[in-house]
Amino acid sequence: MAGLVRNKRKPGALQGQPKAKAKNKKNNTEHPHIGSIKVQNNQNKDLFDDDEDDTSPSASEEEMHGFGSADDSSDAEPLRDDFIEGDLPSDDDSDERDSDEEEELDIEKKSRILDAAKEREQEDADAELQLNIQEEPDDFILPTAEELEQEGKQPPDLQNLKRRIKEIVRVLSNFKALRQEGTMRKDYVNQLVADLSLYYGYNEYLIQTFLEMFPVAEVVELIEANEISRPTCLRTNTLKTRRRDLAGVLINRGVNLDPLGKWSKVGLTVYDSQVPIGATPEYMAGHYMLQSASSFLPVMALAPQEKERILDMAAAPGGKTTYIAALMKNTGIIYANELKNSRLKSLSANIHRMGVTNSIISNYDGKELPKVLGLNSLDRVLLDAPCSGTGIIWKDENVKSKKSVEDIMKCAFLQKQLLLAAIDMVDSGSKSGGYVVYSTCSITVAENEAVVNYALSRRDVKVVPCGLDFGQHGFNRFREHRFHPSLEKTRRFYPHVHNMDGFFVAKLKKMSNTKQIPKATEAEENIPNTVEDEDGEINDGNIVTDQNERLDTETTTISESSKTKMIKANKHDKRQGKRKHPSKEEISKSREEKRKALRKAKSDGEEKETDKEHGKLDEASEQLNETGAQAGRKLKRPKRQH
């Protein structure tokens with residue numbers, strides 16, 4: 001019985017020990033057989049004297065728990081002391097308590113050692129910081145021309161460049177307080193451009209472009225983000241599986257993944273994998289597509305509906321096309337167009353692998369598609385336009401050094417042509433559509449807001465919200481340029497902010513099928529651009545290399561040939577006010593009338609030719625008659641007599 005009570009109260013044996021000692025003192029005369037235990041309690045008494053008053057319960061507490069005084073307990077319950085005896089510490093209990101104390105002491109010693117080590121590290125760090133502050137004064141001094149020339153003769157000192165970049169950024173962040181006397185802001189900016197170009201391998205044009213768009217500190221963050229690869233993302237093919245089932249299967253194969261974000265219901269982010277993520281049985285079966293997170297955005301903005309006619313103008317390698325098909329549940333028609341023959345294989349393979357059955361693959365120049373598919377014949381068009389790639393520098397490092405202002409302007413010129421063609425193919429009278437989504441993987445203003453603003457001035461369209469809850473607003477003013485206020489509804493995505501590729505998305509709603517005549521107004525921006533000459537070759541227009549005019553976004557000079565073409569094409573619109581498209585019956589009737597007119601003209605021409613031939617015969621006969629008459633007169637003329 002005593003053993004049972006001891007096991008029950010063992011966790012609190014130390015706390016209950018003073019109570020046992022107090023009772024043993026009172027019952028010492030009645031129980032002489034516990035004298036040896038009493039001596040042991042007296043030895044340990046000093047350890048618990050301080051806690052005895054606090055831990056020993058009062059008389060009322062003892063009565064509440066069923067314990068009375070020693071006399072009462074001895075009279076009423078003669079076996080009470082036997083139970084208490086079981087709670088008294090034995091040799092085994094004392095050994096356990098000593099071992100617990102030793103363990104606690106070891107833990108305390110280790111804890112004190114760790115705390116001391118942390119304190120020493122903190123002291124060393126503070127001392128080093130103070131030493132650095134003393135060595136490097138707050139006043140940063142730009143290097144002189146001689147120092148820069150000396151640096152140019154030696155291999156680049158990357159640590160010195162990094163330190164100088166940080167100092168210049170710090171000075172430019174608080175220029176009034178930290179600038180060097182007699183030094184202009186332009187001097188700091190020029191030195192920063194040179195250092196960033198040398199340290200990260202960019203050309204000066206791109207660095208200057210970034211500095212025009214972002215604050216100085218944010219430019220450094222953007223450049224450093226371009227040095228890091230973006231996370232690998234998957235898009236679940238909802239035509240064949242669900243995201244939950246796919247995630248479970250891939251986790252069992254050793255893939256560490258998470259949902260892409262709250263904004264996507266089909267995306268997964270892969271951190272690491274024990275198997276090749278692009279060669280699993282699920283990938284081969286078309287359960288998912290390797291696709292960057294930024295390429296989800298244009299399709300989400302397009303919001304395709306079932307049983308619609310949709311065009312993807314630049315479809316390869318098929319990520320966006322198959323996403324559209326999944327949202328449409330393989331209904332309607334998708335025209336997947338790709339200009340480059342070399343990319344048609346990947347496009348076709350992915351469409352077949354993902355189980356898409358409502359697509360038609362075409363190989364046309366996007367500018368010629370209105371002639372192939374017809375004007376006002378589609379419900380929605382997605383134009384992920386070819387661009388300079390300034391938003392995906394981490395994929396192609398050649399962009400750092402090879403892209404120039406001429407390349408940006410050429411891309412912008414092509415993008416304007418493609419966007420106008422896309423708008424012309426959309427039917428404004430579509431019950432569920434009439435939308436065009438324009439996107440690029442570039443972050444320059446000349447390829448994004450400038451192109452959309454150009455389309456607003458040439459076609460009857462308006463910018464509508466993209467339907468994306470995140471992303472930064474587009475520019476409606478950039479330096480000296482002023483764009484349409486609705487361009488604020490466009491969305492921009494950056495590597496250093498959203499941890500995805502640099503991207504731009506704009507959604508346009510076509511209001512009518514008429515074409516607007518461009519008007520030269522003061523609000524139009526003067527952007528240098530490339531124009532097409534009479535031979536069909538693309539030549540650089542008046543490219544302005546000045547820093548403030550490099551990124552203009554509108555063309556002020558149009559060639560005479562393009563002007564005359566646009567005026568001829570819109571003469572009918574001027575008279576009618578709104579262009580009316582003839583019905584099929586009217587077209588067939590006009591064609592029949594043309595055929596009749598041609599037949600009549602042909603028959604009239606034949607009659608004229610026969611009349612001419614008859615006239616010639618009559619003239620010949622008349623001439624013969626005249627010659628015969630003259631010969632007869634000569635024969636009848638009498639001879640003269642001499």
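Buried means under 20% relative accessible area. F210, at 0% relative accessibility, therefore counts as buried. The model is predicted.

**Backbone geometry**

- Most residues other than glycine have a negative phi, and most peptide bonds are trans.
- The bond joining A316 to P317 is cis, with omega near 5°. P317 is in the loop that runs between β5 (309–312) and α18 (319–328).
- N376 is not a glycine, yet its phi is positive, near 55°. The residue sits in the loop between α20 (369–373) and β8 (380–384). Its relative accessible area is 17%, so N376 is buried.
- N499, also not a glycine, has a positive phi of about 55°. Its place is the loop between α24 (495–498) and β15 (503–515). With a relative accessible area of 43%, N499 is partly exposed.

**Packing of α10 with α12**

- Two packed helices are described by the angle between their axes and the distance between the axes.
- For helix α10 (residues 158–173) and helix α12 (residues 185–200), the axes come within 10 Å and cross at roughly 145°. The crossing of α10 past α12 is left-handed.
- On the α10 side, the residues in contact are L158, L161, K162, R164, I165, I168, V169, V171 and L172. They meet α12 residues that include R185, Y188, L192, D195 and Y199.
- By class, the residues of this contact are 14 nonpolar, one polar and four charged.

**Aromatic pairs**

- Rings pair if their centres lie within 6.5 Å, and by this rule the model has 11 aromatic pairs.
- One of the pairs is Y202 with F210, whose ring centres are 6.3 Å apart and whose planes stand at 75°, so the pair is edge-to-face. Y202 is buried, at a relative accessible area of 4%, and F210 is buried at 0%.
- F214 and Y494 also form an edge-to-face pair, because their planes are at 85°, with ring centres 5.0 Å apart. This pair links distant parts of the chain, 280 residues apart. F214 belongs to the loop between α13 (204–213) and α14 (216–225), and Y494 to the loop between β14 (491–493) and α24.
- Both partners are buried: F214 has a relative accessible area of 7%, and Y494 has one of 2%.
- One aromatic cluster is made up of W263, F296, Y323, F470 and F493.

**Charges over rings**

- R353 lies over the face of Y283, 4.0 Å from the ring centre.
- K416 has its charged end over the ring of Y454, at 4.9 Å from the centre.

**Surroundings of P495**

- Leaving aside residues up to four places away in sequence, P495 touches L222, A225, N226, R230, G391, M500 and G502.
- P495 and W394 are 101 residues apart along the chain, and their C-alpha atoms are separated by 9.7 Å.

Key: Residues numbered from 1 in each chain as written. Predicted model: local features only at pLDDT ≥ 70, side-chain atom pairs only at ≥ 80, totals over all residues. Heavy atoms only, no water. Helix = DSSP H or I, 4+ residues; strand = E, 2+ residues; numbered from the N terminus. Buried < 20%, exposed > 50% of the residue type's maximum accessible area, 1.4 Å probe, protein only. Axes fitted to C-alpha atoms, helices over the stretch in contact; angles between N-to-C directions. Left-handed = near helix turned anticlockwise from the far one by under 90°. Contact = heavy atoms within 4.5 Å. Nonpolar A, V, L, I, M, F, W, Y, C, P; charged D, E, K, R; others polar. Phe/Tyr/Trp six-rings, centres within 6.5 Å; stacked < 30°, edge-to-face > 60°. Lys NZ or Arg CZ within 6 Å of the ring centre and 35° of its normal.
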